[in-house]
Amino acid sequence: MVSYRLRFTTTAHSMPHPHRRRHGPKPDRRRALELLAASPDGCTEALMFANGFTAELLIELVRAGLASARAERMVADGRMMEVARMKISEAGWQAVAGDAINGRTKST
């Protein structure tokens with residue numbers, strides 16, 4: 001039988017920080033906001049889906065005030081259809097800018 005002894009250090013810098021909060025948007029949120037920021041006219045819901053974003057994430061962005069969505073009509077293949085177009089909001093711009101300044105310079 002082999003016995004193992006665990007040794008614990010008492011130095012503060014070696015202790016994990018289990019409750020450290022992330023600052024700035026979550027990675028998928030940030031990626032969605034960056035796509036919207038790069039599109040001056042916004043992006044259609046279909047384009048957001050094509051880039052791998054879920055309906056739940058898009059709703060979350062709108063409810064959090066980071067983006068806006070509005071319905072618009074367009075003609076495709078001779079047919080009139082309604083699409084949702086999303087645009088980044090001022091709060092979304094601030095979240096992306098704050099993440100670029102604060103979050104990416106620290107390793108958490």
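Let's begin with one residue. Arg 70 is partly exposed, at a relative accessible area of 46%. The terms: buried is under 20% relative accessible area, exposed over 50%, partly exposed in between, with a 1.4 Å probe and protein chains only.

A word on the source. The model is predicted, so local features need pLDDT of at least 70 and side-chain atom pairs count only at pLDDT 80 or more, while totals for chains, interfaces and linings use all residues. Residues are numbered from 1 along each chain as its sequence is written, and side-chain values use heavy atoms, with hydrogens and water left out.

Now the overall layout. The protein has four helices and three strands. They are DSSP runs, numbered from the N terminus: helices are H or I with at least four residues, strands E with at least two. Starting at the N terminus, the order of elements is α-β-α-α-β-β-α. The protein has 108 residues, and 24% of them are buried. Next, contacts, meaning heavy atoms within 4.5 Å. Take the contacts in the protein with a separation of 6 or more: 52% of them join residues 24 or more positions apart.

Back to Arg 70. Arg 70 sits in strand β2. Which residues does Arg 70 contact, leaving aside its neighbours within four places in sequence? Val 83, Ala 84 and Arg 85. There is also a pair to look at with Lys 87. Arg 70 and Lys 87 are 17 residues apart in sequence, yet 8.7 Å separates their C-alpha atoms in space.

On to charges. A salt bridge here is a side-chain nitrogen of Lys or Arg within 4 Å of a carboxyl oxygen of Asp or Glu. How many does the rule give? The count is four salt bridges.

Pair one is Arg 70 with Glu 72. Their closest N and O atoms are 3.4 Å apart. Glu 72 is buried, with 17% relative accessibility. Arg 70, as we saw, is partly exposed.

Pair two is Arg 85 with Glu 72. Here the closest N and O atoms are 2.9 Å apart. Arg 85 lies in strand β3 (residues 79–88) and Glu 72 in strand β2 (residues 67–76), so this pair ties together parts 13 residues apart in sequence. Is Arg 85 buried or exposed? Arg 85 is buried, at a relative accessible area of 17%.

Arg 70, Glu 72 and Arg 85 form a network of salt bridges.

Pair three is Arg 73 with Glu 82. Their side chains meet at 4.0 Å, N to O. Both Arg 73 and Glu 82 are exposed.

Next stop, strand β1, residues 43–44. Thr 44 is in it. Thr 44 is buried, with a relative accessible area of 18%. Beyond its neighbours within four places in sequence, Thr 44 contacts Val 83, Ala 84 and Arg 85.

Now the helices. Helix α1 (residues 27–37) packs against helix α3 (residues 55–63) at an angle of about 75°, with the axes 11 Å apart. Axes are lines fitted to C-alpha atoms, for helices over the stretch in contact, and angles run from 0 to 180 degrees between N-to-C directions. Who meets whom? On the α1 side, Asp 28, Arg 29, Ala 32 and Leu 33 meet Leu 57, Glu 60 and Leu 61 in α3.

Zoom in on α1. Its buried residues include Arg 29, Ala 32, Leu 33 and Leu 36. They cover an arc of only 100° around the axis, which puts them on the same side of α1. The arc is taken from directions running from the helix axis to the C-beta atoms.

Arg 29 is in helix α1 and counts as buried, at 18% relative accessibility. Not counting residues up to four places away in sequence, Arg 29 touches Leu 57, Glu 60, Leu 61, Ala 64 and Leu 66.

Met 48 is in helix α2, residues 45–50. Its relative accessible area is 0%, so Met 48 is buried. What does Met 48 touch, not counting residues up to four places away in sequence? Ala 32, Leu 35, Leu 36, Cys 43, Phe 53, Leu 58 and Met 86. Of these, take Leu 58. Met 48 and Leu 58 are ten residues apart in sequence, and 8.3 Å apart in space, C-alpha to C-alpha.
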